[in-house]
Amino acid sequence: ANPMTDALAWSGLIRIRDNLLMAVEQGDNIEARSGMLYASTLSGLTLANAGLGSVHGLASPFGAFFPIPHGVVCGSLLHAATHINIEAMRAREPENVALKKYADVGRMFTQTTDVDDAAAQEMLLQTLAAWSASLQMPKLSTKGVSKKDITKLIANVSGGSMAGNPIALSHDELVQLIEAVL
């Protein structure tokens, strides 16, 4: 990440906040769909210049071994991956700049300014959980994934994508992340 990619991501995240649920619930709402197109475009520019993280690192093996659309895998992983990342950084790297970024996104998504970073991170997690529920993101066990597949999935994690994660996740944290979405 750098100032340019942060600015692109921030602008896209605002559009997601303002348009995601509306675009899904009102598929004919051209303004909401345009907002999501803008956010998607900025997301592509951002990931091309800043890299990816644990969601995409895991999406690769899920998609390789199971007939699950990429967006479904990513959407299903997002809340759990964000939660694991926050907990790992709190435990091992409490000065990691990504913790502040997660807090800032939590404040922006909820349009709340008067909370500390920990509370803002929790608000982010609550927002992601609510969106996952509203969008009916499936548990990946409904797509044929089971606990017996965890070893194979972790063995095939995309290292290039994982390199952009704000913290290196341990094997146990990856297991916990996958179990959370089963």
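A: **A buried asparagine and the helices around it**

A polar atom of the Asn96 side chain lies 2.8 Å from the backbone nitrogen of Ala98. The side chain of Asn96 also reaches the backbone oxygen of Pro166, at 2.9 Å. Polar contacts here are pairs of N or O atoms within 3.5 Å; within protein, one must be able to donate a hydrogen and the other to accept it, and residues adjacent in sequence count only if both atoms are side-chain atoms.

The model is predicted: local features need pLDDT of at least 70, side-chain atom pairs count only at pLDDT 80 or more, and totals for chains, interfaces and linings use all residues. Residues are numbered from 1 along each chain as its sequence is written, and side-chain values use heavy atoms, with hydrogens and water left out.

Where does Asn96 sit? Its place is the loop between α4 and α5 (97-110). Helices are DSSP runs of H or I with at least four residues, numbered from the N terminus. Asn96 counts as buried, at 14% relative accessibility. Buried means under 20% relative accessible area, with a 1.4 Å probe and protein chains only. Leaving aside neighbours within four places in sequence, Asn96 is in contact with Met89 and Pro166. Contact means heavy atoms within 4.5 Å.

Now take the helix on one side of this loop. Helix α4 (residues 70-92) packs with helix α9 (residues 171-181) at an angle of about 150°, their axes 9 Å apart. That makes the two roughly antiparallel, a term for angles over 145 degrees. Axes are lines fitted to C-alpha atoms over the stretch in contact, and angles run from 0 to 180 degrees between N-to-C directions. From α4, the contact residues include Ser76, Leu77 and Ile84, and from α9 they include Glu173 and Leu177. By class, the contact of α4 with α9 has eight nonpolar, two polar and two charged residues.

Helix α1 (residues 3-25) and α5 pack at about 30°, with axes 10 Å apart. They are therefore roughly parallel, which here covers angles under 35 degrees. Among the contact residues are Trp10 and Arg17 of α1, and Lys101 and Phe109 of α5. The contact of α1 with α5 has six nonpolar, no polar and four charged residues.

Asn29 lies in the loop between α1 and α2 (30-50). At 18% relative accessibility, Asn29 counts as buried. A polar atom of the Asn29 side chain lies 2.9 Å from the backbone nitrogen of Ala32.

Note on methods: Parallel < 35°, antiparallel > 145°, perpendicular 65-115°, else oblique. Nonpolar A, V, L, I, M, F, W, Y, C, P; charged D, E, K, R; others polar. Buried < 20%, exposed > 50% of the residue type's maximum accessible area, 1.4 Å probe, protein only.
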